[in-house]
Amino acid sequence: MLTAYSRSAQHPVDGVMVLLHGLGADGHDFVDLVPEFSKPFNLKVLLPHAPVQPLTIAAGEPVTSWYDILSTGQKRVINQEQLAHSVSRVHHIIQDQQLDADTPLVIAGFSQGGAVALECFSHLPVTFSGCLAMSTYLINPPTQSPEKHPNGQTPVLMQHGIQDPVVPYALGEQSAQQLQDQGFDVHFESYSMQHQVCLEQLKSIQHWLHHLLSP
């Protein structure tokens, strides 16, 4: 399933964003927030819904999730096959858009969706205009140097709450540092919040998109 948002269906889009929700949520979660960070652009935002599947850390209960999480802590242990399936699904969504070469394409996500977004940034054969990763972590770092990587020059915005009880702040900070140490263009922002999205953060995203989408 897929939910889509754009400010105007009658005008050409200024860019396309694939925005992935977090664990236990669905694509509708960000519908009300999209107008807050996408204006004044006519940004087409694609909001896929994760499948419902058993989650090990929830005693096997069915939960909307992009992949199974086997254990938490400073290092997540996850189902790599399900992660790869979610990345492949994002790839198909992008291909279905049949975008012109000059149409900006942004991959974005929150929490577990942010981890998938970083995985797409790191391993899909797609050149993104930007990558937005909120309250999340890096699972599999890029295996190519920025000089050889399709997203070696792609701006990455990572944002995290200092009081996050779900994804530890240190995990997000370490993930950003790891990408920076590899030579990728990563900007990391911290906010006085928990596992959520705040107004100040949305304003920063809007400013970041302005630089990506402006002619």
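This is a predicted model: local features need pLDDT of at least 70, side-chain atom pairs count only at pLDDT 80 or more; totals for chains, interfaces and linings use all residues.
## Helix 5

Helix 5 spans residues 199-213, 15 residues in total. From first C-alpha to last, helix 5 reaches 21 Å, close to the 21 Å expected at 1.5 Å a residue.

Eight names make up the buried set: Gln201, Leu202, Ser204, Ile205, Trp208, Leu209, Leu212 and Leu213. These residues cover an arc of only 160° around the axis, so they sit on the same side of helix 5. An α-helix has 3.6 residues a turn, so residues three or four places apart point the same way. The other side of helix 5 carries the exposed residues Leu199, Glu200, Lys203, His207 and His211.

## Aromatic pairs

The model has 3 aromatic pairs. One of them joins Phe121 and Phe184, with ring centres 5.7 Å apart and planes at 70°; planes over 60 degrees apart count as edge-to-face, so this pair is edge-to-face. Phe121 belongs to helix 3 (residues 112-123), while Phe184 lies in the loop between helix 4 (169-182) and strand 11 (186-191). The pair therefore ties together parts 63 residues apart in sequence.

Another pair is Tyr169 with Phe188. Their ring centres are 5.7 Å apart and their planes meet at 55°, so the pair is tilted. Tyr169 in helix 4 and Phe188 in strand 11 are 19 residues apart, and the pair links these distant parts of the chain. Tyr169 is buried, at 19% relative accessible area.

## A charge over a ring

Arg76 places its charged end over the ring of Tyr137. The distance to the ring centre is 5.2 Å.

Terms used
Residues are numbered from 1 along each chain as its sequence is written. Side-chain values use heavy atoms; hydrogens and water are left out. Helices (H or I, at least four residues) and strands (E, at least two) are DSSP runs, numbered from the N terminus. The expected span of a helix is 1.5 Å times one less than its number of residues. Buried means under 20% relative accessible area, exposed over 50%, partly exposed in between (1.4 Å probe, protein chains only). The arc is that of the directions from the helix axis to the C-beta atoms. Rings of Phe, Tyr and Trp (its six-membered ring) pair if their centres lie within 6.5 Å; planes under 30 degrees apart count as stacked, over 60 as edge-to-face and the rest as tilted. A charge sits over a ring if NZ of Lys or CZ of Arg is within 6 Å of the ring centre and within 35 degrees of the ring normal.
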